[in-house]
Amino acid sequence: MLAISAANSHFIAHLPASSNDPNPLAKPISNKPNHLQILKKCTHLIQFKQVHAQFIKTPLHQSNTYLSKLIEALVDYGELPYARQVFDQVTQPSTFAFNTMIRCYGTNNLGHDGIDLYIRMRHQGVDADNFTYPFLLKACSGLKQGKGVHSLVVKDKRFSSEIHSLTSLTTFYCSFGDVGSARLLFDSMPERNVVTWTGIIKGYVKQKRYKEGIELFNQMKNYGVEINELTLVCILSACANLGSLEIGQWVHEYTDRKRIFLNPKLGAALIDMYGKCGHIDKAYRVFKTLPCKGVYVWNALIGGLAMHGYGIEAIKRFREMQGNGIKPDRITFIAVLSACSHSGLVEKGKEIFHSMRKDFGIEPGIKHYGCFVDILCRAGLLNEAYEVIMNMPMEPNAVLWGTLLNSCAAAANVELAEAAMERLMVLEPCNDGNYVLMSNIYAVKKRWNDVARIRKIMKDVQILRNPGHSLIEVDNVVHEFMVGDGRHPCSEQIYDMLEKVVITIKECYF
DNA sequence: ATAGGGTTAG
């Protein structure tokens with residue numbers, strides 16, 4: 001049964017009777033109650049509970065719209081178990097009621113409960129409708145057990161060509177990285193719209209298959225499918241990761257031409273794209289034009305500044321953001337801490353790292369520790385970095401040990417390098433770079449036996465050395481280079497330029 | 001009441 005606490009009934013007993021009182025229970029529930037309107041007036045959890053306590057005695061509480069509104073409201077207040085109690089009191093829940101409950105499980109990452117409820121629904125002979133499978137599939141997001149839903153949808157003639165159910169199925173496959181299955185389904189669909197297209201593009205982008213994502217986007221344009229903000233956000237993310245300035249810029253111009261409003265998420269995606277494509281000035285320009293600068297927008301800018309080595313500027317923006325009443329989140333701290341590490345701001349970095357918990361109530365996660373260790377390592381404070389790694393509240397991963405190993409190579413610190421390497425052989429046994437670094441350190445120290453030992457391990461574990469390579473796109477042509485590669489037609493000029501760059505760097509720092 | 005959104009340490 002519903003439990004209304006003593007405090008609550010006290011509250012009911014003393015409700016003022018004046019007619020303009022905002023309290024929904026101020027007016028007694030009349031003979032002809034408009035229960036939906038009463039529900040609409042509720043603004044606090046306690047009021048919803050009280051309203052229901054009154055209605056439970058009447059048949060009204062079985063009404064579909066009433067039930068779904070109440071359940072949704074309760075779930076919004078984080079009262080999902082209570083919402084389920086309300087649901088369970090209904091003697092014959094309709095399809096509508098089941099759909100609502102399943103959807104709430106989905107939005108609260110309780111997929112298994114959603115599946116259980118669906119099974120119960122069918123067990124009780126309640127029929128599914130075209131809303132059921134989109135909700136159920138969203139609940140199944142990331143759960144491979146949900147694959148069975150595919151056959152349920154296909155077997156039912158009503159849904160086997162229905163766009164919402166099928167689109168949900170494709171995004172369901174994407175939710176655990178199976179873009180292949182998503183694509184098969186996508187290609188067989190009788191009808192697709194902007195949501196279907198964006199969903200599959202997002203699937204590719206999430207799997208880092210950026211080129212295929214962009215290819216689909218081009219097809220989408222050719223088919224004349226509508227393109228909206230969400231589509232563009234996905235494409236910008238692909239551009240950012242590919243360094244595809246041209247396409248990214250095209251997107252920017254497109255938003256201009258079509259007068260698409262740069263909402264915070266689209267704005268952040270644009271800033272991120274410009275930052276990652278090397279144009280921090282353009283990122284800045286976009287930033288300035290955005291009318292709403294949410295935390296996403298600030299994060300993208302600070303992250304861009306960090307990447308470009310503008311540490312002081314990043315910290316300035318970090319402060320300015322707070323001055324504007326925007327609360328930094330965990331991503332902000334990753335951005336600002338990496339700004340400190342790339343700019344050698346050790347003291348600032350320490351200060352900000354320690355302020356996370358103290359001033360912002362954000363518990364540092366492993367990535368924050370990663371940045372912090374990087375700050376110490378780049379500053380040459382290897383022992384301090386080692387201490388931090390050893391005393392972290394979580395298990396250090398390969399990134400942490402790799403950071404340390406990298407710096408040990410620069411400083412030729414054998415002891416700490418060995419400590420790091422010992423862990424890396426377990427955490428990342430196939431990473432060729434670690435072995436190469438370790439053997440290089442031994443070589444600097446002229447410890448040839450150890451060099452041979454590492455080489456032997458590499459041979460025994462059959463680690464293939466991956467030659468370093470990089471790609472760059474110029475005028476829509478991708479150029480690829482490998483270590484010591486001389487195949488490029490402009491190879492000679494490229495090496496000449498490289499030498500000049502190295503000389504310039506040396507002049508600056510030595 | 002249906003399906004799709006950005007940023008994350010070597």
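**Exercise 1.** Does Arg 183 count as buried, partly exposed or exposed, and at what relative accessibility?

*Solution.* The model is predicted.
Step 1: take the cut-offs. Buried means under 20% relative accessible area, and exposed means over 50%.
Step 2: Arg 183 has 21% relative accessibility, so it counts as partly exposed.
Step 3: turn to its partner. Arg 183 forms a salt bridge with Asp 187, with the closest N and O atoms 3.2 Å apart. Asp 187, at 44% relative accessibility, is also partly exposed.
Step 4: locate the pair. Both residues lie in helix 11 (residues 179-188), 4 residues apart, or about one turn of the helix.

**Exercise 2.** Which parts of the chain does the salt bridge between Lys 49 and Glu 79 tie together?

*Solution.* Step 1: check the contact. The two side chains meet at 3.6 Å, N to O.
Step 1: find each residue. Lys 49 sits in helix 3 (residues 45-55), while Glu 79 sits in the loop between helix 4 (64-76) and helix 5 (80-88).
Step 2: conclude. The pair therefore ties together parts that are 30 residues apart in sequence.
Step 3: Lys 49 has 17% relative accessibility and counts as buried.

**Exercise 3.** Where do Lys 276 and Asp 272 lie?

*Solution.* Step 1: confirm the bridge. Their side chains meet in a salt bridge of 2.9 Å, N to O.
Step 1: locate them. Both belong to helix 16 (residues 264-276), 4 residues apart.
Step 2: Lys 276 is partly exposed at 38%, and Asp 272 is partly exposed at 22%.
Step 3: look at a network. Salt bridges with shared partners join Arg 122, Asp 127, Asp 156 and Arg 158.

Notes. Residues are numbered from 1 along each chain as its sequence is written. Chains are lettered from A and ligands numbered from 1 in the order in which they are written. This is a predicted model: local features need pLDDT of at least 70, side-chain atom pairs count only at pLDDT 80 or more; totals for chains, interfaces and linings use all residues. Side-chain values use heavy atoms; hydrogens and water are left out. A salt bridge is a side-chain nitrogen of Lys or Arg within 4 Å of a carboxyl oxygen of Asp or Glu. Helices (H or I, at least four residues) and strands (E, at least two) are DSSP runs, numbered from the N terminus. Buried means under 20% relative accessible area, exposed over 50%, partly exposed in between (1.4 Å probe, protein chains only).
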